[in-house]
Amino acid sequence: MPNVLIIGASKGLGDALVKEYSTTGNNVFAITRGEPPESIPRVTYIGGVDVATERAGPDLISVLEQYNMNIETVIITAGYFGTESFDEPSWEKEVKMYTTSSIAPVFLVHHIVKAKLVSKGSKIILISSESGSITLRHESEGGGNYGHHASKAALNMVGKLLSLDLKDKGIAVGVVHPGFMRTDMTKSVGFDKFWDDGGAVTPDEAATSLIEFIKVFDIGKTGEYWAPRGPG
């Protein structure tokens, strides 16, 4: 039975992925920052892992190594969105966004690979966003939210660099925009007003299309940015 590791599994897309994978013949290891929810069949929850801290990698590995397994798919979907503007930028929010989105994945993947929890044929999926695209950013959308957009752009480069480091090992790395979603995160920053016009989908819908994409993703597609549902 394939093993799937989902980091950032308590809400939104992560939670939807846990439920979808666990009902389709997979063993799921679901990582959360806070207390994990009640256990469900084929899901092992591991709580207390804050990816914004340097201890996240070692703490995670200390638990996962006990299972003596190979992980076929790793999905890192942990995120944080703090709003800001040119008039009111936030040092604290930006540091947290960069740390969560683009620094943490480097160290998490490093520890997972060094612990030999993944091998040739394994897939690592970094959940990004089209908000990190310089090309797609239009003048009509204005500026602001520097940490959010720039940390996703940084994540895109991180994914490319990791793919180069891991290609010889046969481990594929993909950077994926899962679609604009109706989540607590987008609502908390006022983006729910764009849900209808922006064609926002539920986390369940995004999870289904993402899983279908991962099935056909392989080393031949490593190091590239993908949007299975298209832009938006």
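**From a loop into the fold**

At 75% relative accessibility, Asn68 counts as exposed. The cut-offs are these: buried means under 20% relative accessible area, exposed over 50%, and partly exposed in between, with a 1.4 Å probe and protein chains only. This is a predicted model, in which local features need pLDDT of at least 70 and side-chain atom pairs count only at pLDDT 80 or more, while totals for chains, interfaces and linings use all residues. Residues are numbered from 1 along each chain as its sequence is written, and side-chain values use heavy atoms, with hydrogens and water left out.

Asn68 lies in the loop between α2 and β4. Helices (H or I, at least four residues) and strands (E, at least two) are DSSP runs, numbered from the N terminus. Asn68 is not a glycine, yet its phi is positive, at about 45°. Met69 also has its place in the loop between α2 and β4. Met69 counts as buried, at 13% relative accessibility. Leaving aside neighbours within four places in sequence, Met69 is in contact (heavy atoms within 4.5 Å) with Asn3, Phe29, Leu64, Lys116 and Leu117. Now look from Met69 to Ser90. They are 21 residues apart in sequence and 42 Å apart in space, C-alpha to C-alpha.

Asn145 is another residue other than glycine with a positive phi, near 45°. Asn145 lies in the loop between β5 and α4. It is buried, with a relative accessible area of 14%.

Turn to the sheet. What is the order of its seven strands? The open sheet runs β3-β2-β1-β4-β5-β6-β7, with parallel pairing. Two strands pair if DSSP finds at least two bridges between them. The edge strands, β3 (43-46) and β7, each pair on one side only. β1 and β2 run parallel and are joined by five bridges. Val4 has Val28 in β2 as its bridge partner.

Next come the cores. A nonpolar core is a set of buried Ala, Val, Leu, Ile, Met, Phe, Trp, Tyr and Cys residues joined through side-chain atoms within 4.5 Å. The largest one here has 31 residues, and Leu5, Ile7 and Leu64 have the most contacts inside it. Two or more residues each come from β1 (3-7), β2 (27-31), α2 (56-64), β4 (73-76), α3 (91-114), β5 (123-127) and α4 (146-166). The largest share, five residues, comes from α3. A second, separate core of 25 residues includes Ala9, Val18, Ala172 and Phe217. In soluble globular proteins, nonpolar side chains tend to be buried together.

Beyond its neighbours within four places in sequence, Ile7 is in contact with Ile31, Val51, Leu60, Ile75, Ile76, Thr77, Ala78, Leu108 and Ile112. One of these, Thr77, has its place in the loop between β4 and α3. Thr77 is buried, with a relative accessible area of 14%.

Now take helix α6, residues 203-216. It has 14 residues and reaches 20 Å from its first C-alpha to its last, close to the 20 Å expected at 1.5 Å a residue. That expected span is 1.5 Å times one less than the number of residues. Its buried residues are Pro203, Ala206, Ala207, Ser209, Leu210, Ile211, Phe213 and Ile214. They pack against α1 (12-22), β4, β5, β6 (172-176) and β7 (225-226).

Last, the rings. Rings of Phe, Tyr and Trp (its six-membered ring) pair if their centres lie within 6.5 Å; planes under 30 degrees apart count as stacked, over 60 as edge-to-face and the rest as tilted. The whole structure holds three aromatic pairs. Phe213 and Phe217 form a tilted pair, 5.6 Å centre to centre with 35° between the planes. Both Phe213 and Phe217 are buried. Phe213 and Trp226 form a tilted pair as well, 5.6 Å centre to centre with 45° between the planes. Phe213 lies in helix α6 and Trp226 in strand β7, so this pair ties together parts that are 13 residues apart in sequence. Trp226 is partly exposed, with a relative accessible area of 23%. Ring pairs link Phe213, Phe217 and Trp226 into a cluster.
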